[in-house]
Amino acid sequence: MIHNKERRFPNNFLWGASTSAYQVEGANLIDGKGPSVQDIKKVPEGTSELDVCADQYHKYAEDIALMAEMGFKTYRFSISWSRILPKGTGEINEKGVQYYHNLIDECLKYGIEPLVTMYHFDLPAALAEIGGWSNKKTIDAFVEFASILFYEYGSKVKYWLTINEQNMMTLVGSLIGTSTIGDVENPLKALYQENHHMLLAQAKVMKLCHEKVPGAKIGPAPNISLVYPATCKPEDMIAAQNFNAIRNWLYLDMAVYGYYNPIVWSWLEDNDATPDIEPGDMDIMKAAKPDFIGFNYYSTATVEYSDGTETSDTKADQQKGMAMPGICKSVSNPYAKKTEFGWEIDPIGFRATLREVYSRYHLPIIITENGLGAYDKLEDGDKVHDPYRIFYLRNHIEQMKLAIEDGVDMMGYCPWSAIDLVSTHEGVVKRYGFIYVNRDEFDLKDLRRVRKDSFYWYKKVIASNGEDLAD
Ligand code: BG6
């Protein structure tokens, strides 16, 4: 292995940022788009509907021009499945197909590589009606959707991501609005049956991508947080291994090696919840190989031994601790500060997570999300001072450089988010972008775009290929 002791980012490093269709586009039911599970969910109290968001559907040219001004090498966005296939399968919405041609062409005009997520939390509602991922027809529908994407955009898009945060849809689906499981006898089994079908869908689509789009690269995009044991008590270590397996490795072991993580399998067996595997399923899993690993990183997690008496925490989200009675109990990390929204901040944990993922899977890594949500304010005329975001990102980029020195093969970095958008469950006021969108939770104002301080800072970072991280 060649270690990059100079800690330099490769010359072709993909600097950029991310968004997802249902959080940024708006226009959620126009120009033929069908509803997704996000459009039919009850939005959390005090947060806006998804009909406008940042209105990128109408303002994409302006947004891409701003990303080009920052020097983006890539833009990670997702394609709304129900904008292309309003019912999830069958009839194609040509206006939707055209929209993404326009968006992709706009990126390419500035030399920005599109990095396309095929499915980001927005299953078509019509598929939810037939049972969502519990129904094997949804696997076929995803393959159909993927074939359309490869056919339409394969000549323009080199980098593909299959499913955003499948692990979070499985662990906290009801909070992010993706859960479709009703009243069933064994909910854990139902959940991991859905999960199995999603893993199969991903494997089929990775294989299809290699067949249909020669030269294209495809990978998964789970949310990975290395899990620390709260102490060196051996029982805490077992708890950390349990949660690492359930939260992280299940998804990457299957995507990369095509097998079920043994710790997870044994836990499912104990709960009579192993998924039904049909003949041929595991051959499909094994035949699919990702070219890289994309993952979202916000923070690490810390757990301790659980004696099984605590109750699950219904407020857990992508980053706030989860209690899994008998498996592990989340505790807060006394060494980590927290964001205004209670998410821990752990840049060194980012290095540790990168090292661990690379050691386990030996594939190039692109960070598909990383960032800080805050109540940014428009002030001083038309300025947004967000030193806390610069601080957060700088510390993470420094640790990513150290990970490169450690031997990790990094191919890109796409923080969340390119532009302000609607959070999964905490509204528009939880802002992540480099570009401020002038709207409040319910008052749409003029949706004007304003460059935040972090915009100018990130522009310098990209121009210096990660060398100049100063303010
Ligand atoms: C990730 C998701 O979990 O975190 C994004 O992929 C999400 O869709 C991001 O927006 C930040 O989370 P939140 O809950 O603050 O929006």
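## Helix packing, cavities and local geometry

Helix 13 (residues 347-361) and helix 14 (residues 387-405) pack with their axes 8 Å apart, at an angle of about 30°. That angle makes helix 13 roughly parallel to helix 14. Angles under 35 degrees count as roughly parallel, over 145 as roughly antiparallel, 65 to 115 as roughly perpendicular and the rest as oblique. The axes are lines fitted to C-alpha atoms, for helices over the stretch in contact, and angles run from 0 to 180 degrees between N-to-C directions. Helices (H or I, at least four residues) and strands (E, at least two) are DSSP runs, numbered from the N terminus.

A word on the model: it is predicted, with local features needing pLDDT of at least 70 and side-chain atom pairs counting only at pLDDT 80 or more, while totals for chains, interfaces and linings use all residues. Residues are numbered from 1 along each chain as its sequence is written, and side-chain values use heavy atoms, with hydrogens and water left out.

A crossing is right-handed if the near helix is turned clockwise from the far one by less than a right angle, and left-handed if anticlockwise. On the helix 13 side the contact is made by Pro347, Ile348, Phe350, Arg351 and Leu354, and on the helix 14 side by Asn395, His396, Gln399, Met400, Leu402 and Ala403; contact means heavy atoms within 4.5 Å. Sorted by class, this contact has seven nonpolar, three polar and one charged residues. For the classes, Ala, Val, Leu, Ile, Met, Phe, Trp, Tyr, Cys and Pro count as nonpolar, Asp, Glu, Lys and Arg as charged, and the others, Gly among them, as polar.

Helices 13 and 14 also turn up around the second largest pocket, where they and strand 11 (337-338) each supply at least two lining residues. Helix 14 gives the most, with seven residues. The lining has 17 residues, and Lys337, Ile345, Pro347, Phe391 and Asn395 lie nearest the centre of the pocket. Nine of the lining residues are nonpolar, four polar and four charged.

Pockets and cavities come from a 1 Å grid over the protein atoms alone: a cavity is a set of points where a 1.4 Å probe fits but cannot get out, a pocket is an open set with protein on both sides within 12 Å along at least five of seven lines, and lining residues have an atom within 4 Å of a point. Grid points are joined across faces, edges and corners, and a volume is the space filled by probe spheres set on the points. The count comes to 10 cavities of 30 Å³ or more. Here are the volumes:

| Space | Volume |
|---|---|
| Second largest pocket | about 310 Å³ |
| Largest cavity | about 140 Å³ |
| Second largest cavity | about 100 Å³ |

The largest cavity is lined by 14 residues, with Tyr298, Gln318, Glu369, Trp416 and Thr424 nearest its centre. Five of the lining residues are nonpolar, six polar and three charged. Trp416 has a further feature to look at: a cis peptide bond joins Trp416 and Ser417, with omega of about 10°. Ser417 sits in the loop between strand 14 (410-413) and strand 15 (435-437).

The lining of the second largest cavity includes Tyr119, Trp133, Met169, Thr170 and Glu194. Helix 8 (166-176) and helix 9 (187-212) each supply at least two of its lining residues, and the largest share, three residues, comes from helix 9. By class, this lining divides into six nonpolar, four polar and one charged.

Helix 8 also meets helix 10 (residues 234-257): their axes come within 9 Å and cross at roughly 145°. Here too the crossing is right-handed, as helix 8 passes helix 10. Gln166, Asn167, Met168, Thr170 and Leu171 of helix 8 make the contact with Ile246, Arg247 and Tyr251 of helix 10.

Another packed pair is helix 3 (residues 56-70) with helix 5 (residues 94-109), at an angle of about 10° and with axes 9 Å apart. Helix 3 and helix 5 are therefore roughly parallel to each other. In this contact, Gln56, Tyr57, Tyr60, Ala61 and Ile64 of helix 3 meet Tyr99, Asn102, Leu103, Glu106 and Cys107 of helix 5. These residues divide into seven nonpolar, two polar and one charged.

Asp272 is found in the loop between helix 11 (262-270) and helix 12 (281-287).
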